[in-house]
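Subject: Structure for you, with notes on salt bridges

Hello,

Here is the structure, followed by notes on what was found in it.

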Amino acid sequence: MIFIGTSVLLVIAMALSISVGVTDIDFKTVWESVFAFVPESTNHQVIRELRLPRALAAALVGAFLAVSGAIMQGLTRNPLASPSIMGVTHGAAFALILAIVFFPAISNIGMTFAAFIGAGLGVILVFAVGSFSKGGLTPAKLALAGVAIGGMLSSLSSAISLHFQVAKQMSFWYAGGLTATDWLSVEILLVAGAIGLTLALFISRSVTILSLGDEVSKGLGQNTLVVKALGVIVVFILTGAAVSMAGTVGFIGLVIPHVARYFVGTDYRLIIPVSAVFGSLLLVISDIGARLVNAPFETPVGAITACIGVPFFLYLARKEGRGEI
């Protein structure tokens, strides 16, 4: 019921997102542009070529980040885990900067693959740093390692972009936004989503068991190494695709899985699809807000999600410190 209700709200939010812009377009025109397209109509062209792919991209990116966060929290049993906090998005952005600097003519597909590699680099560094600390890898140490590695990669990204004079070009990736999306972007996201979301649903039952602890999981005959490897691949694919298209949009992967668990419990077979629609809804609404807060100029959508995510992160960190999570 939650999934269906949120899906309906998502459709309404996407229709609103398509109608809102420099020039507002009524819902009737939006409907006609989708189901009775008239090539001679300027409004229909704007909707088809600019606003519709942007709304679809926002929904897909939001879903990818939310599912990535849910998978990471399930695998690590860390309520603070998310692509932005665990260094994944910063790793993807770092790889994108290197790709743009050394391969200026790189295609969108090439940038997506670069983001995949960078996301993997971020995860490996975070887990390596956290594992080498005294006392082993705990949820708190994992979060601290993620913040440290994310800060390091962000600083390196800034230094490289300034040295090679691509800082202005990379400002989009730092702030996060959906202004550059087109139908090719949507096609790449759809391919990544078909692979990543299918794999996430495939391992959802195993993630539920793994979230109870490694010992319980092994006692039930589960190969924890394989499940974790598949989970990391899901995060690589979904976060890499999301960052390559929308930049470093933060906190969706942190906030949404907790909201989903509040409504559907601890079964990841429910958490993953519900997180997907909640994440889509949040980013579509945030993108609308980004266009309305300082109209006719756009506010970075990453700033909108941060306004929601930072207080929630502090709340979770406080509960974690008190042992309430």
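A salt bridge here is a side-chain nitrogen of Lys or Arg within 4 Å of a carboxyl oxygen of Asp or Glu. Searching the whole structure gives three of them.

Before the details, the basis. This is a predicted model, in which local features need pLDDT of at least 70 and side-chain atom pairs count only at pLDDT 80 or more, while totals for chains, interfaces and linings use all residues. Residues are numbered from 1 along each chain as its sequence is written, and side-chain values use heavy atoms, with hydrogens and water left out.

The average pLDDT (the predictor's confidence in each residue, from 0 to 100) is 83 for the chain, and 92% of the residues score at least 70. Helices are DSSP runs of H or I, at least four residues, and strands are runs of E, at least two, numbered from the N terminus. Among the elements of the chain, mean pLDDT is lowest in helix α7 (residues 167-175), at 68, and highest in helix α13 (residues 268-292), at 93.

Now the pairs:

- D287 and R54 form a salt bridge at 2.7 Å, N to O. D287 is in helix α13 and R54 in helix α3 (residues 42-76), so this pair ties together parts 233 residues apart in sequence.
- R291 and D287 form a salt bridge at 3.1 Å, N to O. They are four residues apart in helix α13, about one helical turn.
- R269 and D267 form a salt bridge at 3.0 Å, N to O.

On accessibility (buried is under 20% relative accessible area, exposed over 50%, partly exposed in between, with a 1.4 Å probe and protein chains only), D287 is buried at 1% and R291 is buried at 10%. R54 is buried as well, whereas R269 is partly exposed at 45%.

Regards
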